[in-house]
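Here is a friendly walk through a two-part question: how the pieces are laid out, and which contacts link them. Please have a look at the sequence and the structure first.

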Amino acid sequence: MKELRLYMAQRITALIMAPFVIGHLAVMIYAIQGGLSAAEILGRTQGSVLWFLFYGTFVVVVSIHGAIGLRVAASEWAGVKGVALEVFMWAVGLCLFYLGAQAVWAVTFAAGVGP
Amino acid sequence: MALDVLKVTIERGPDAAAAQQSFDVPAYENQTVLDVVSWVQQNADPTLSYRFACRVGMCGSCAMMVNGVPRWTCRTHISKVLDGNAVTIGPLRNLPVIKDLAVDMDPFFDKWVEAEGVHHGALTRDDPIAPVDETTVERTTANTGIECINCSVCYAACDTVTANKDYLGPAALQRAWTLLNDAKDEGRASILDAVSGKGGCHTCHSMGSCTAYCPNDLDPMSAIAGLKRETARSFFRRGRS
């Protein structure tokens, strides 16, 4: 029942993503009021457990959701099958996770703001 | 405006697009697409192969692509599909062509069985006939899908079938859904397993061509959505047990 498990994983991550997307958009609209600067963003995120968990969880569910979705697209549009399809899915998922986790780590723990 | 002659293009052979043949067919007041094809076979080219039986929309054997759209040809009036005085008729999409307008329906029916679209009985001939309550939600739900005539129009209309040869398709999944809701069918577990595998109901992208083109106005897309709900429920239940 691998298909069903993938389907459920994708639907459940979609459910989790919905409030995250709304929260993310709301913060974006709020944050750009009166201009936007790196210092302002980092002032909010650095050392914040709340924002680390918010964006950390967001990155995890996006990686799962996106990888499963692109697996279907690769299979139906590009005819990728078998082991190559699984490798593709894991590569997409891990890549999304690496990029997202790196960003979350940087805004939470990295020291200093560039000029 | 009364037309005298119809310009009929018929796609013949596995290389359908490359093997188009045109015929001039006399127009009549009352004429279906199937009548046009039959006129060609009887008067212009007896080697033209096509399939039909009942001519009244019961048997589901005469479906073809008409101007790129899957239709039951015996119940489609030619005046509804004419482009000027021209029409293009081809074999059903998504199925192997045997010859001319006759396609091999085997994959369609094989998938019907793969989706457990077969009766799963628990009673023997010695048991009394189980009563069916016509008023239950399950029975009403099943009733919405049982008038399928296996014409394969939905299967030909489905882009997901085109993209994924393993996909069971709308008709087979709708049958699975009606059986799942049938009080006399005992195959619940095997049906849910069959529609949860590779090419099962979760492959559907809800594009809705099946429901849009079904000549009997059935709604396979909603039936498949029902299967998705039921399999999700059973997924959580299995997780708890």
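## Ground rules

This is a predicted model, in which local features need pLDDT of at least 70 and side-chain atom pairs count only at pLDDT 80 or more, while totals for chains, interfaces and linings use all residues. Residues are numbered from 1 along each chain as its sequence is written, chains are lettered from A and ligands numbered from 1 in the order in which they are written, and side-chain values use heavy atoms, with hydrogens and water left out.

## Chain B at a glance

Chain B has 10 helices and 7 strands. Here helices (H or I, at least four residues) and strands (E, at least two) are DSSP runs, numbered from the N terminus. Along the principal axes, the C-alpha atoms of chain B fill a box of roughly 70 × 40 × 30 Å.

Of the 241 residues in chain B, 48% are buried. Buried stands for under 20% relative accessible area, exposed for over 50%, and partly exposed for what lies in between (1.4 Å probe, protein chains only).

## How the helices of chain A pack

Helix 3 (residues 49-78) and helix 4 (residues 82-109) of chain A have axes that come within 8 Å and cross at roughly 160°. That crossing makes helix 3 of chain A roughly antiparallel to helix 4 of chain A. Helix 1 of chain A packs against helix 3 of chain A at an angle of about 135°, with the axes 8 Å apart, and these two helices are therefore oblique to each other.

For the reader who wants the cut-offs, axes are lines fitted to C-alpha atoms, for helices over the stretch in contact, and angles run from 0 to 180 degrees between N-to-C directions. Angles under 35 degrees count as roughly parallel, over 145 as roughly antiparallel, 65 to 115 as roughly perpendicular, and the rest as oblique. As for handedness, helix 3 of chain A passes helix 4 of chain A in a right-handed crossing, whereas the crossing of helix 1 and helix 3 of chain A is left-handed. A crossing is left-handed if the near helix is turned anticlockwise from the far one by less than a right angle, and right-handed if clockwise.

## Salt bridges

How many salt bridges does a search of the whole structure find? The count over all chains is 12, where a salt bridge is a side-chain nitrogen of Lys or Arg within 4 Å of a carboxyl oxygen of Asp or Glu. In chain A, the side chains of K2(A) and E86(A) meet in one of them (2.9 Å, N to O). This pair links distant parts of the chain, with K2(A) in helix 1 and E86(A) in helix 4 of chain A, 84 residues apart. K2(A) is partly exposed, at 37% relative accessibility.

In chain B, D100(B) and R12(B) form a salt bridge at 3.0 Å, N to O. D100(B) sits in the loop between strand 6 (97-99) and strand 7 (102-103), and R12(B) in the loop between strand 1 (5-11) and strand 2 (20-26) of chain B, so the pair ties together parts 88 residues apart in sequence. D100(B) is buried at 4% relative accessible area, and R12(B) is buried at 10%. A network of salt bridges links R12(B), D45(B), K99(B) and D100(B). R233(B) also bridges to E230(B), with the closest N and O atoms 2.6 Å apart; being 3 residues apart in helix 10 (residues 220-240) of chain B, the two are separated by about one helical turn. R233(B) is partly exposed at 40%, while E230(B) is buried at 12%.

## A nonpolar patch

I12(A), L15(A), I16(A) and F236(B) form a nonpolar patch on the surface, with about 370 Å² of accessible area together. Patches are made of residues with over 30% relative accessible area and no salt bridge, joining like charges within 9 Å and nonpolar side chains (Val, Leu, Ile, Met, Phe, Trp, Tyr) within 5 Å. Accessible areas come from the Shrake-Rupley method with a 1.4 Å probe, and for residues only the protein chains shown count as cover.

Helix 1 (residues 2-31) of chain A gives the largest share of the patch, 3 residues. I16(A) lies in this helix 1 of chain A and is partly exposed, with a relative accessible area of 33%.

## Two loop residues in chain B

G199(B) is in the loop between helix 8 (188-194) and helix 9 (209-213) of chain B, and is buried at 2% relative accessible area. G199(B) and V161(B) are 38 residues apart in sequence and 9.1 Å apart in space, C-alpha to C-alpha.

Y28(B) is found in the loop between strand 2 and helix 1 (33-44) of chain B, and is partly exposed at 48%. The C-alpha atoms of Y28(B) and V103(B) are separated by 28 Å, with the residues 75 apart along the chain.
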